[in-house]
Amino acid sequence: MSLDTIVHRLAAHRLIGPAPVAEREWFARHATLRAIAKGEVVATIHGPMESLWIVVSGHLAISVNRGAGLRKEMEWLPGDLGGALPYSRMAAPPGNMVAEEATEVVALHRDLFPALIRECPQITAICVHVMVDRARHFRSGELRDEKMISLGRLAAGLAHELNNPTSAVARSANLLPRFVSDADGAARALGTARLTASQLGAIDAFRDSARRAADPQLTPIERSDREDALAAWLNGHELDESLADVLVGIPMPQSAIDQLAREVGPANLGTAIRYVAADHATHRLTAEIE
């Protein structure tokens, strides 16, 4: 394929297209267009990954076995970028990467990465952003699997423990001091945050509304979906994703949480969320004991 054709393909690419023309032309001169047949394994779990791939057509996917059979973990479609990346320490993918259909990629061998970094700073920056997103995606998948395993163990344990009301009371009572301590610490942090009366009022209004509202009757699937959405929201605001486990039980719509975030501001949002979550958990456990 001619150099002009590869340059044209790169110009139309979702990620690489906005890069300067000179950088796209450099990439095209040093890269090759690779055709991948459907079903071909383009990278294995044993590694190594030899090239950076700019997907211009087709479909690539990685399936990972984390103990419960193969599951599709990540996929690449036209407009995506994968394979080896500059600055990445990933030597091999977590599973085999297979072409789901006939695919074309513009491939740059990793031996050229030093020159790429020197000659194409904007394309390199794009690669770094993709690398960060990819690492976050794989880590999120690992946490999700760990959570599901833990939930399975917890469900089995609760099925046994909740047959005995005394055990249920003891379980809630054992958890209560932790959330009382969390609420106390968050309240102290709010007290030193120099919040305005309006901000304090917004936190109190959200807390009181959460106390008055009836607990949401969610199916396990609905609860899991809501927890994932809250975890994504917390991650987007650079807050602790583990708070989603408590926030999922607060019977307030997402719009109310967004309103609270706007009222208190980014600097105080984490403390406000911790306070509301701990307060809700404390009252929920108290009600369970009663």
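Tutor: Helices (H or I, at least four residues) and strands (E, at least two) are DSSP runs, numbered from the N terminus. This is a predicted model, where local features need pLDDT of at least 70, side-chain atom pairs count only at pLDDT 80 or more, and totals for chains, interfaces and linings use all residues. Residues are numbered from 1 along each chain as its sequence is written, and side-chain values use heavy atoms, with hydrogens and water left out.

Student: How do you know what span to expect of helix 7?

Tutor: The expected span is 1.5 Å times one less than the number of residues. Helix 7 (residues 220-236) has 17 residues, and 24 Å is expected. Its first and last C-alpha atoms are 24 Å apart, close to that value.

Student: Why is Ser51 called buried?

Tutor: Buried means under 20% relative accessible area, exposed over 50%, partly exposed in between (1.4 Å probe, protein chains only). Ser51 has 13% relative accessibility, so Ser51 counts as buried. Ser51 lies in strand 3 (residues 51-65). Contact means heavy atoms within 4.5 Å; Ser51 touches residues including Gly82, Ala107 and His109.

Student: What puts the buried residues of helix 1 on the same side?

Tutor: Those residues are Ile6, Val7 and Leu10, in helix 1 (residues 3-11). They cover an arc of only 100° around the axis, so they share one side of helix 1. The arc is that of the directions from the helix axis to the C-beta atoms. Asp4 and His8 are exposed on the other side of helix 1.

Definitions and conventions
Lists of a residue's contacts leave out its neighbours within four places in sequence.
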